[in-house]
Amino acid sequence: MWLMLACQPDPSPAPPSDTSTISSSETAEPAPEVVVEIPAPVLSAEGVAAAIESVFVSGMPSPLLPRRIYLESFAGRDSSCPGGKGYNLPGAFQGCVAESGWLYAGVAEYDGSVDPDDLRDFSLLADCYMIDPDGNWFVAAGELLLEHSGDENGGMLHAELSGTYSFAPAGGWMAPAGAGAVLSQSAAWDHTGWQLAIDGVVTDGTTSVRLEDLSVSSGECAGVPSGVYGLRGDGGYWYTLAGEDCGCGMVTWADGSQLGEACVDLSAASAGLIEAVRQ
């Protein structure tokens, strides 16, 4: 029996499978072309400039004002809420209410002088809110940084503000809910004048403005910054004002169409930080 099996021919191999299938790229219909229709602009060139200036009517954001409000808010604390003697928050997001009526919630780490008028280096990293006895919310969500050296005769500074900082009683740029920025400012000054560079995005809680490589000097353009300004329009599309000529230039819409020339004057807002630190 075993000999008979050994003499049997090998089983016939299975017929080859059909490898001539057509690839999906040959059968699939081409994907339809996606066409995004950019809406028509609703603002004129002058309207764009006015909207940009309106965001800065209460000043240019800087770390100085939110740092002051943050430190002064601790005047309402007690030994159990938020506890301790420092100017930090431990991370209790459910919050606690001090005897004064202030509510403290969240986490914050502060480093620097506790005197709001002391302009030496400081930093704040925060994700917190505080509510005063009148129900006003102080929202601090982001980072503050100031590196400063010098006096009225000469010096340098670098300032950064990123996140949302708002408190209606503070006034200024912090008054609107949702106010904030992602902003970098660097400056130098001496007895002959000063220079300042600004870059980032600022919002008053409703309107957002992009400041792209602005430069301003006390000796040029009467202190009016030169650079590129952006205004966020409907649907997330942007207007651009090429203000390299002392804040003046062509305004274009997201689709590249030109709306005409206009000028933006942020001289008063830009000089605020310089004036504050040259003391």
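A disulfide here is a pair of cysteine sulfur atoms within 2.5 Å. Everything below comes from a predicted model, where local features need pLDDT of at least 70, side-chain atom pairs count only at pLDDT 80 or more, and totals for chains, interfaces and linings use all residues. Residues are numbered from 1 along each chain as its sequence is written, and side-chain values use heavy atoms, with hydrogens and water left out.

**View 1. Cys221 and Cys246 are joined by a disulfide.**
Zoom in on the two sulfur atoms and you'll find them 2.0 Å apart. The torsion about the S-S bond is -60°, which makes the link of Cys221 and Cys246 left-handed. Cys221 sits in the loop between strand S8 (208–217) and strand S9 (226–232), while Cys246 is in the loop between strand S10 (238–243) and strand S11 (248–252), so the bond ties together parts 25 residues apart in sequence. Those helix and strand labels are DSSP runs numbered from the N terminus (helices are H or I with at least four residues, strands are E with at least two).

**View 2. Cys81 and Cys96 make another disulfide.**
Here the S to S distance is 2.0 Å. The torsion about the S-S bond is about 90°, so this disulfide is right-handed. Cys81 belongs to the loop between helix H4 (64–73) and strand S1 (89–97), and Cys96 belongs to strand S1, so the pair ties together parts 15 residues apart in sequence. Cys81 is buried, at 3% relative accessible area, whereas Cys96 is partly exposed at 24%.

Cys248 is in strand S11 and Cys263 in strand S12 (residues 258–263), so you're looking at distant parts of the chain, 15 residues apart. Both ends are partly exposed: Cys248 has a relative accessible area of 24% and Cys263 has 44%. How many disulfides are there by this rule? The count comes to 3. Number the bonded cysteines of the protein chain in sequence order, and the pairing reads 1-2, 3-4, 5-6.

**View 3. Arg68, Glu72 and Asp117 are linked in a network of salt bridges.**
A salt bridge means a side-chain nitrogen of Lys or Arg within 4 Å of a carboxyl oxygen of Asp or Glu. Arg68 meets Glu72 at 3.3 Å, N to O. Arg68 and Glu72 are 4 residues apart in helix H4, which puts about one helical turn between them. Arg68 is partly exposed at 27% relative accessibility, and Glu72 is partly exposed at 41%. Arg68 also meets Asp117, with 2.3 Å from N to O. Asp117 is exposed, with a relative accessible area of 54%.

**View 4. Asp118 and Arg120 meet in a salt bridge.**
The N to O distance is 2.5 Å. Is Asp118 buried or exposed? Asp118 is buried at 15% relative accessible area, while Arg120 counts as exposed at 55%. A search of the whole structure finds 4 salt bridges.

**View 5. Val34, Val36 and Ile38 form a nonpolar patch on the surface.**
A patch takes residues with over 30% relative accessible area and no salt bridge, joining like charges within 9 Å and nonpolar side chains (Val, Leu, Ile, Met, Phe, Trp, Tyr) within 5 Å. Together, Val34, Val36 and Ile38 have about 290 Å² of accessible area (Shrake-Rupley method with a 1.4 Å probe; for residues, only the protein chains shown count as cover). Look for Val34 in the loop between helix H2 (24–27) and helix H3 (45–55). Val34 is exposed, at 73% relative accessible area.

Terms used:
Buried < 20%, exposed > 50% of the residue type's maximum accessible area, 1.4 Å probe, protein only.
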